[in-house]
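Take a moment with the chain below.

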Amino acid sequence: GDFELEGIDYMFKIVMIGDPAVGKSQLMNRYVKNEFHMNSKATIGVEFLNKTVHMDHKLVKAQIWDTAGQERYSAITAAYYRGATGALLTYDITKRHTFNNIEKWLDELHRHADKNIAVMLVGNKTDLSSNREVPIEEAKEFAKEKGLFFLETSALDSNNVEPAFLSLLSQIYMTVS
Ligand code: GDP
Ligand code: MG
């Protein structure tokens with residue numbers, strides 16, 4: 001209710017998107033709860049977690065939405081993207097096809113989300129870099145070309161997880177403050 005909003009200056013809706021099994025749910029769990037589950041189940045329906053952060057002496061509530069992305073009803077897709085101010089678009093650095101599909105996810109964003117949505121491209125699973133299929137330089141080039149922010153992360157060992165979310169939140173903050 002209203003009580004929860006006490007002291008909150010801004011509410012930012014963030015959507016987790018990307019191919020199945022790239023680590024969207026575990027990135028969210030790591031960031032919000034500092035937890036990681038190796039046997040993470042496919043997300044059923046839509047879930048969200050809240051995290052409150054201080055930015056520039058303001059209190060920002062990030063509402064992070066997560067789904068398996070296999071919605072059969074366009075009404076759900078529309079609701080998922082409605083009002084989203086940021087997207088964390090994730091691929092798995094050990095699975096080339098998940099990087100190749102990033103274009104498809106950008107198209108989906110352009111179809112359903114606000115055109116000013118801030119997008120953070122994330123190459124997850126750096127702890128498995130011995131199995132890497134996507135060179136970091138290639139991803140950096142791609143992100144630059146598309147005007148996306150970019151970081152590689154690991155939800156397993158926490159590498160860059162907080163910086164990825166914070167960078168996205170501060171991009172949004174800069175556009176609203
Ligand atoms: P989602 O379908 O994109 O939400 O992916 P999940 O978060 O459910 O993760 C899919 C699988 O990858 C699970 O077995 C996770 O434990 C595993 N996983 C997620 N992030 C990482 C990571 O950074 N490193 C490793 N080694 N495994 C990860
Ligand atoms: Mg999931």
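Is A21 buried, exposed or partly exposed? A21 counts as partly exposed, because 14 C-beta neighbours lie inside 10 Å. The cut-offs are simple: 20 or more other C-beta atoms within 10 Å of a residue's own make it buried, 12 or fewer make it exposed, and in between it is partly exposed, with C-beta atoms placed from the backbone.

This is a predicted model, where local features need pLDDT of at least 70 and side-chain atom pairs count only at pLDDT 80 or more, while totals for chains, interfaces and linings use all residues. Residues are numbered from 1 along each chain as its sequence is written, and chains are lettered from A and ligands numbered from 1 in the order in which they are written.

Now the backbone. Most residues other than glycine have a negative phi. A21 is not a glycine, yet its phi is positive, about 70°. A21 sits in the loop between β1 (10–18) and α1 (24–33). Helices (H or I, at least four residues) and strands (E, at least two) are DSSP runs, numbered from the N terminus.

K125 also is not a glycine and has a positive phi, about 80°. Its loop runs between β5 (118–124) and α5 (136–146). K125 counts as buried, because it has 25 C-beta neighbours inside 10 Å.

Next, follow α1 to its partner. α1 packs against α6 (residues 161–176) at about 90°, with axes 9 Å apart. Axes are lines fitted to C-alpha atoms, for helices over the stretch in contact, and angles run from 0 to 180 degrees between N-to-C directions. So α1 is roughly perpendicular to α6 (65 to 115 degrees; under 35 is roughly parallel, over 145 roughly antiparallel, the rest oblique).
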